[in-house]
Amino acid sequence: MKRILGLALWAMATTVLAQDAGLRLPVNGEIGIDPTGAVFDYRIDTELTPEVKSLVERSVRQWKFEPVLRDGKATHAKARVHLTLIAREVTEGFQLQVEDVRFSEYRDAVSMKPPRYPKQAAINGVGGDVLVAVRVDASGKVIDAVAVQTSWPYKKVAAKAAEKWGALLETASVEAARDWTFEPVDTALHEQGDTTLIVPISYRMNVDRPPREGWHYESAGPARPIPWLAPSRQAFDASGLKDGEVLALDYSVKLKTHVVGTAL
């Protein structure tokens, strides 16, 4: 069991979040899986110290996955991997663990022009977050888009106001999303088209700043179903998804190795 004896290993990290239970660090990268479910390639995109990078990479390369099937046959696959590391304080210093891991399809955006900020919302200092679901075909074209939910972090919003401002932000979001394009599928990896992606869009004014401390309100509008998906495919977790990041709902990567809670 590895222990980090000081905070020097964290000095080069681009983002460290201080919370009650420890220091958290999001780590993003790219992973390649062979037909047996073994990791054959891995790249870390997040800037890390050499010590932490070595621990993460050594752990990831030992992971085992369920073979990814295309037309009933195991094949090579690639995915984005999103890790959350936590450094918990122990007697000797800090212990580095994996707190969370999730995977998303490897579909980079080719063009993702941000939406216009609704003039009326801007004049009234209204900002919020909109989750948009987009349906993408094999060529990377968006063939459908819908707003799934709108929320207002750090503030309490009355129902009528939420309905009014939510409609403005959602309309602008969907209009923009319909013009987005993504990379086409990689036929060499037998990737499939008609993929559903979840993308968060944030509208921020100067007044939309997180509170420095203490309790605060967070308001969220109703979650709506995605029209083209069956009820069994509606559930997803977009927590931690940042503005402009992409979460694929129908991706088939399944990790066999027990990872969450393990020490690096």
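## Close-up views of the predicted model

**View 1. I44, with a relative accessibility of 12%, counts as buried.** Buried means under 20% relative accessible area, exposed means over 50%, and partly exposed lies in between, with a 1.4 Å probe and protein chains only. The model is predicted, so local features need a pLDDT of at least 70 and side-chain atom pairs count only at pLDDT 80 or more, whereas totals for chains, interfaces and linings use all residues. Residues are numbered from 1 along each chain as its sequence is written, and side-chain values use heavy atoms, with hydrogens and water left out. I44 belongs to strand β3; helices (H or I, at least four residues) and strands (E, at least two) are DSSP runs numbered from the N terminus. Not counting residues up to four places away in sequence, I44 touches V27, N28, G29, K53, V56 and E57, where contact means heavy atoms within 4.5 Å. Between I44 and I31, the C-alpha to C-alpha distance is 8.9 Å, at a separation of 13 residues in sequence.

**View 2. V27 is a buried residue of strand β2.** The relative accessible area of V27 is 0%. Residues up to four places away in sequence aside, V27 touches I44, T46, L48, V81, H82, L83 and L85. V27 and T84 are 57 residues apart in sequence, and their C-alpha atoms lie 6.1 Å apart.

**View 3. The side chains of R24 and E99 form a polar contact at 2.7 Å.** A polar contact is a pair of N or O atoms within 3.5 Å; within protein, one atom must be able to donate a hydrogen and the other to accept it, and residues adjacent in sequence count only if both atoms are side-chain atoms. R24 is placed in strand β2, which spans residues 22-33. With a relative accessible area of 13%, R24 is buried.

**View 4. Helix α1, residues 50-60, has the buried residues V52, L55, V56, S59 and V60.** These residues cover an arc of only 125° around the axis, which means that they are on the same side of α1. The arc is that of the directions from the helix axis to the C-beta atoms. For V56, the contacts other than neighbours within four places in sequence are Y42, I44, L83, L85 and L264.

**View 5. The largest nonpolar core contains 27 residues.** A nonpolar core is a set of buried Ala, Val, Leu, Ile, Met, Phe, Trp, Tyr and Cys residues joined through side-chain atoms within 4.5 Å. The members that touch the most other members are I31, Y42, V56, W63, F65, L83 and L85. At least two residues of this core come from each of β2, β3 (39-44), α1, β6 (77-90) and β7 (93-105). Strand β6 supplies the largest share, 5 residues. Another core, of 26 residues, lies apart from it and includes V132, W165, W180 and V199.

**View 6. W165 is a buried residue of helix α3.** Helix α3 comprises residues 159-177, and the relative accessible area of W165 is 10%. Neighbours within four places in sequence aside, W165 is in contact with Q120, A121, N124, V126 and W152. W165 and G128, 37 residues apart in sequence, have a C-alpha to C-alpha distance of 8.7 Å.

**View 7. I226 is placed in the loop between β13 (218-220) and β14 (247-248).** With a relative accessibility of 2%, I226 counts as buried. A133 and I226 are 93 residues apart in sequence, and 7.1 Å separates their C-alpha atoms.

**View 8. The protein chain has a mean pLDDT of 81, and 81% of its residues reach 70 or more.** Here pLDDT is the predictor's confidence in each residue, from 0 to 100. Over residues 1-21 the pLDDT is below 50, and this stretch has 53 contacts in the model beyond near neighbours in sequence. Where pLDDT is low, the predicted coordinates should not be read in detail. The secondary structure of the protein chain comprises 3 helices and 14 strands, and 44% of the 264 residues count as buried. Among contacts between residues at least 6 apart in sequence, 74% join residues at least 24 apart.
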